[in-house]
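Look over the sequence and the model first, then read on.

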Amino acid sequence: MQFFILLNLTDKNTGGIIASSIYRIVLSGGIMLAVIKGAGDLATGIAQRLRLANIKVAMTDIEKPSAIRRTAAFSEAIYNGTASVEGFTAVRADNAEHAER
């Protein structure tokens, strides 16, 4: 079973949408996995909240991410192999087998 979450980030002054992301939640054998497109600072915050809810998280990003707030983004793991933000650590997986560990 799977379902999708659409997250819209809105400007509180204008009400306009700043960014939109779709997160896929997959239920398999009672285990929930969220696949997040992007690993910038906003996606990192979402991943942290999902982990606090005991949902496993996999994130994707481009080969050379350009996050502005690099110290607050898991995308740094692409360059360094790991990235830690507020007590959470992300590890770069070079293939699906590595990601499953």
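## Salt bridges

Glutamate 76 forms a salt bridge with arginine 70, and their closest N and O atoms are 2.6 Å apart. A salt bridge here is a side-chain nitrogen of Lys or Arg within 4 Å of a carboxyl oxygen of Asp or Glu. The model is predicted: local features need pLDDT of at least 70, side-chain atom pairs count only at pLDDT 80 or more, and totals for chains, interfaces and linings use all residues. Residues are numbered from 1 along each chain as its sequence is written, and side-chain values use heavy atoms, with hydrogens and water left out.

By this rule, the count is three salt bridges. Glutamate 76 is buried, with a relative accessible area of 12%. Buried means under 20% relative accessible area, exposed means over 50%, and partly exposed lies in between (1.4 Å probe, protein chains only). Arginine 70 is partly exposed at 43%.

## Two further pairs

Aspartate 41 forms a salt bridge with arginine 69, with 3.0 Å between the closest N and O atoms. This pair links distant parts of the chain, 28 residues apart: aspartate 41 sits in helix α1 (residues 41-52), and arginine 69 in the loop between β4 and α2. Helices (H or I, at least four residues) and strands (E, at least two) are DSSP runs, numbered from the N terminus. Aspartate 41 is partly exposed at 27% relative accessibility. Arginine 69 is exposed at 51%.

Arginine 92 forms a salt bridge with aspartate 94. Their closest N and O atoms are 3.1 Å apart. Arginine 92 counts as partly exposed, at 32%. Aspartate 94 is exposed, at 61%.

## A buried serine

Is serine 75 buried or exposed? Serine 75 counts as buried because its relative accessibility is 1%. Serine 75 is found in the loop between β4 (56-60) and α2 (76-80). Leaving out residues up to four places away in sequence, serine 75 touches Ala39, Gly40, Asp61, Pro65 and Ala67. Contact means heavy atoms within 4.5 Å.

## Parallel strands and a crossover

Strand β3 (residues 31-37) pairs with β4 in the parallel sense, over five bridges. Two strands pair if DSSP finds at least two bridges between them. Lysine 37 stands opposite threonine 60 in β4. From β3 the chain crosses through α1 to β4, and this β-α-β crossover is right-handed. Right-handed means that, with the strands pointing away from the viewer, the path from the first strand over the helix to the second runs clockwise.

Valine 57 lies in strand β4. Valine 57 is partly exposed, with a relative accessible area of 25%. Its contacts, not counting residues up to four places away in sequence, are Leu33, Ala34, Ile36, Ala47, Leu50 and Arg51. Valine 57 and alanine 99 are 42 residues apart along the chain, and their C-alpha atoms are separated by 10.0 Å.

## Positive phi angles

Which loop holds asparagine 54? Asparagine 54 is in the loop between α1 and β4. Asparagine 54 is not a glycine, yet has a positive phi of about 60 degrees. At 65% relative accessibility, asparagine 54 counts as exposed.

Glutamate 86 is not a glycine either, and has a positive phi of about 50 degrees. Glutamate 86 belongs to the loop between β5 (82-85) and β6 (88-91). Glutamate 86 counts as exposed, at 71% relative accessibility.
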